[in-house]
Amino acid sequence: MEGGSSCRRVALVTGANRGIGLEVCRQLASSGATVVLTARDEKRGATAVDALRELGLSDVVFCQLDVGEPSSAARLADFVMDTFGRLDILVNNAGVSGVRMDVGDPAALHQVRTSMSAAERLEWFNQRTAEPFEEAEECLRTNYHGTKNVTEALLPLLLSSSDARVVNVSSSYGLLRYFSGEELKHELDDIDNLSAERLDELSGLFLKDFKNGRLDHRGWPVGGFSAYKVSKALINAYTRILAKKHTSMRLNCLDPGYVKTDINFHTGVLTVEEGARGPVMLSLMPKEGPTGSYFNGTEQAAFM
Ligand SMILES: NC(=O)c1ccc[n+]([C@@H]2O[C@H](COP(=O)([O-])OP(=O)(O)OC[C@H]3O[C@@H](n4cnc5c(N)ncnc54)[C@H](OP(=O)(O)O)[C@@H]3O)[C@@H](O)[C@H]2O)c1
């Protein structure tokens, strides 16, 4: 078995045609895993697979997946079942920002990239974003419900692995410190009494309050990226609930850091190689490693 393709770890990455997801595929394939690179657009996905093959990484296959479409996740599960019969590593990476940005003059963007600190860059962004309801809705649908749907569709395959890992690419914006409502904060941290159904309800309540201009009502995050913050807080809580239920696997979530990708107009401070380190470390960590935990890059940290 040693070194044969049947004992290679089978890893699947969502939103992998660019950014952190593509780099996670590259690093996992370089480590010897068989990689299922998924993307919502067939052409963009095929181009990404070709780019990895050109680097000599031949054990990469493509499967189309729009995380916001439950039927797409079901087709993906059939593909993985028929091709591999199990899944060892799932990296839920696909995500959207939930905001519309008007960055204005490209020269200003150059200035931001070259002369501002990370905190100043984030502030600059905050001042140029708008959060229309449709973007907030798409953000919850992709980042929270999409991650949950894909995980649920692939769960039987993960349970067929003797040693599965799930890595949910979250964000420091999902930390509970961004919620001002003490009740909400407590509920999202009270994992022994929280259920995935309640998380779905909270997603609906957030969108209702958002639509009615009442984010202060329950103490949802304000000050920019509200939907993004809620979507990532829900995915953190979901990771913890699932980790408690499935003790045979290691399920964790993390903030990859402020990485130079399209999501932030390449204003981040880390390269994609650096940003992929945390997800890859959690994908390959030993069986006795932590589960139900949050990581800041490669360091374990608090959910608060
Ligand atoms: N970059 C950072 O500083 C940073 C910080 C914290 C957390 N994160 C998280 O890291 C993850 C990756 O982001 P990134 O920085 O690499 O951004 P990115 O370059 O914008 O990549 C986002 C990826 O998600 C895909 N995607 C979006 N909606 C999708 C859907 N419905 N179905 C399937 N794929 C979908 C995109 O596909 P298309 O090409 O088809 O749009 C793209 O491949 C996200 O979850 C993000 O929230 C990033």
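Is L55 buried or exposed? I looked this up first. L55 is exposed, because 11 other C-beta atoms lie within 10 Å (exposed means 12 or fewer such atoms, buried 20 or more, partly exposed in between, with C-beta atoms placed from the backbone).

I noted the basis of the model. This is a predicted model, in which local features need pLDDT of at least 70 and side-chain atom pairs count only at pLDDT 80 or more, while totals for chains, interfaces and linings use all residues. Residues are numbered from 1 along each chain as its sequence is written.

I then placed L55. The residue sits in the loop between α2 (42–54) and β3 (60–64) (helices are DSSP runs of H or I with at least four residues, strands runs of E with at least two, numbered from the N terminus). From L55 to S30 I find 25 residues in sequence and 9.6 Å between C-alpha atoms.

Next I checked the ligand. I find 32 residues around it, the closest being G15, G19, A94, G95 and T261 (the C-beta atom, placed from the backbone, must lie within 6 Å). Two or more residues each come from α1 (19–30) and α6 (133–159). The largest share, three residues, is from α1.

Last I looked at α8 (residues 196–211) and α10 (residues 226–245). They pack at about 175°, axes 10 Å apart (axes are lines fitted to C-alpha atoms over the stretch in contact, and angles run from 0 to 180 degrees between N-to-C directions). So α8 is roughly antiparallel to α10 (an angle over 145 degrees). On the α8 side I list A196, L199, L202, S203, F206 and F210 as making the contact (C-beta atoms, placed from the backbone, within 7 Å).

Conventions. Angles under 35 degrees count as roughly parallel, over 145 as roughly antiparallel, 65 to 115 as roughly perpendicular and the rest as oblique. Two residues are in contact if their C-beta atoms, placed from the backbone, lie within 7 Å.
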